[in-house]
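Biologist: Before we discuss particular features, could you show me the model, so that I can ask what each term rests on?

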Amino acid sequence: MTATLPELDGFPAAAHLEPAAMARAHRHVVTKALAEFAHERLVSPEPADGPADALGRTRWRLSTAGGVRYGFAARVLPLEHWDVDPASVTRSVDGADAPLDALALVDELQAELGIPDALLATYLEEVSATLAGVAWKLHHRRTDARELARADLQTVERSMTEGHPAFVANNGRIGFGLGDTAAYAPEAGAPVRLVWVAARREHTHLACGEGVDEQRLYAGQLGEDLLDRFAGRLRWLGLDPADYLYLPVHPWQWEHRLAVTFAADVGRRDLVPVGLSEDRYQAQQSIRTFFDLDRPDRYYVKTALAIQNMGFLRGLSPAYMRPTPAINDWVASVVRTDPELGAAGFDVLRELASVGYTGDAYHRMAARGIRSPYQRMVAALWRESPVPRLGPDERAMTMAALVHRDAEGRSLVGGLVADAGLPPREWLRRYLDAYLRPVVHCLLAHDLAFMPHGENLIVVLRGSAPARVLMKDVGEEVAVFGDRPLPPEIERIRVHEPDDVRLLSVFTDVFDGFLRYLAGVLDTDGLLPADEFWRCVADCLLAHREAHPELHERFDLFTPEFAHSCLNRLQLRNTLQMVDLTDQASSLQYAGTLANPVAPFGPASGR
């Protein structure tokens, strides 16, 4: 066993950064890079000689500049999903064995990956931080996935290890140090008390959705005693509480941004720190969103957090947040009045209120048309908690958990299937009816598209089988296609795209963005072959088509192929801001087309 450094005189010695853990981290990231870069056709592995393994993986090789060669065993499942055996990956330099090194891989493949010279170091830093994150999780998180399958929502949330399944550099967090990771990273699971700041009302906008107003919001989320203490703090400073609104702030953001970058605003009492939350919160996978541990019925709190992570500075724009409650009200009204969605139990967790401060120098730049990340640093929103929605026989977990494997390779979804006592195909069908069918229905019936990846959904389980799903993170990522009437204040969510681009919200975001990983897990575990998985997906779509034939007249979900939209290509092109949030469709990166895995099982297949 490799010795780890002790903590010396209170000095954080980074015990997880030791050779054995780092070697495993490099192997994990290199394996993922080979699989995802091949999937996005950034690299083209070639078949090599050698026997196939028990799963039918054959040998492949990839040669890079400078005499570096990688070898590995893999099979290519539908949607060009590269199932690479991590234990099989080797690297040689000039014919001699060499250790796996994720940073070296990126450097060796820079030309193929298309990373601009000026941004290479930023991407390498995100990869390095991802390596450190993997090592930290290996050192601290050893929960058996089968036990995790029976855990509660927050235990599952803090036990996720992979992050986004597609992005190679998915754990950058540039700006966090060792202490910040231990205090605020989702996988640390440490309770956090949020900083509360009073923001001068004339420079601050509070927007509330249906059923919420300023008094109800603060009384319900803070309580009268804490509100009285905040008001007392303001009066002690000679300030009138009526002149202020209250705004929750991430502790890191207060220390590193508000107290420094917004020092002038604090100095003139436009921003006034008034205290800490009484309740303890836990960071969610999205890192800047918090769940109330002491009062689970209270709202999630989403805060601005100015760290660089996965191609974005994770701020929140006051201007962008302003219509968020109205957007959520409208989306909820559409979802909750549709009989098909009601029968499926599909619903949204509304973002009920948002607050943003704009009295700073950086917003004065905005008046001259100058956009800046500094305009996204003092804002927050509140979202409904799923806990009050759960029945006595129900529990919930993030959908990302369905593709989780623990350090020993055990899958969480395998535990759920075993505990449910259902045939894998039946378990999958219940999941697809709860998730895929409603997402498809929203698109076809209402021109409504979400960003339905794993972290954005809560799966409600009954007896370890999926019963329904709850969509979250609606305000920033929902889109409405076409010309259907919208309230003027939410017009920003309208997009005009041709039908084939609309369908990418299913093909890219659902099929390629999540289901291909789940298909790989179930196939590798021997629960359901990949072809049978996609047959089951087709059956779900055909059932919806039979129930609503008129909705399928215009759109063909069984088209032989669709555009191959690539996520890593976005990050590699611009590691600082992958897409323009005001025009995301124009930012997409394509690599030809992918064969539609449900096409062979469509209505014209003759099966």
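Biologist: Which residue of strand 23 does alanine 449 stand opposite?

Modeller: Alanine 449 stands opposite alanine 479. This is a predicted model, in which local features need pLDDT of at least 70 and side-chain atom pairs count only at pLDDT 80 or more, while totals for chains, interfaces and linings use all residues. Residues are numbered from 1 along each chain as its sequence is written, and side-chain values use heavy atoms, with hydrogens and water left out.

Biologist: What makes strand 20 and strand 23 a pair?

Modeller: Two strands pair if DSSP finds at least two bridges between them, strands being DSSP runs of E with at least two residues and helices runs of H or I with at least four, numbered from the N terminus. Strand 20 and strand 23 (residues 479-481) are joined in the antiparallel sense over two bridges, so they meet the definition.

Biologist: Why are strand 20 and strand 24 said to stand at the edges?

Modeller: The open sheet has three strands in the order 20-23-24, with mixed pairing. Strand 20 (448-449) and strand 24 (494-495) each have a single partner strand, so one side of each is left without a neighbour in the sheet.

Biologist: Why is strand 17 described as largely enclosed by the rest of the structure?

Modeller: Buried means under 20% relative accessible area, against over 50% for exposed and partly exposed in between, with a 1.4 Å probe and protein chains only. Seven of the seven residues of strand 17 (residues 351-357) are buried, so the strand is largely enclosed.

Biologist: Which strands pair with strand 17?

Modeller: Strand 8 (residues 204-208) runs antiparallel to strand 17 and is joined to it by five bridges, and strand 18 (residues 379-383) also pairs with strand 17 in the antiparallel sense over five bridges. Alanine 353 is the bridge partner of cysteine 208, and the bridge partner of alanine 353 in strand 18 is tryptophan 382.

Biologist: What makes a set of residues a nonpolar core?

Modeller: The set must consist of buried Ala, Val, Leu, Ile, Met, Phe, Trp, Tyr and Cys residues joined through side-chain atoms within 4.5 Å. The largest such core has 83 residues, and those with the most contacts inside it are Tyr431, Phe450, Phe511 and Leu515. Helix 20 (residues 499-524) gives the largest share of this core, twelve residues. A second, separate core of 50 residues includes Tyr184, Leu217, Tyr244 and Ile287.
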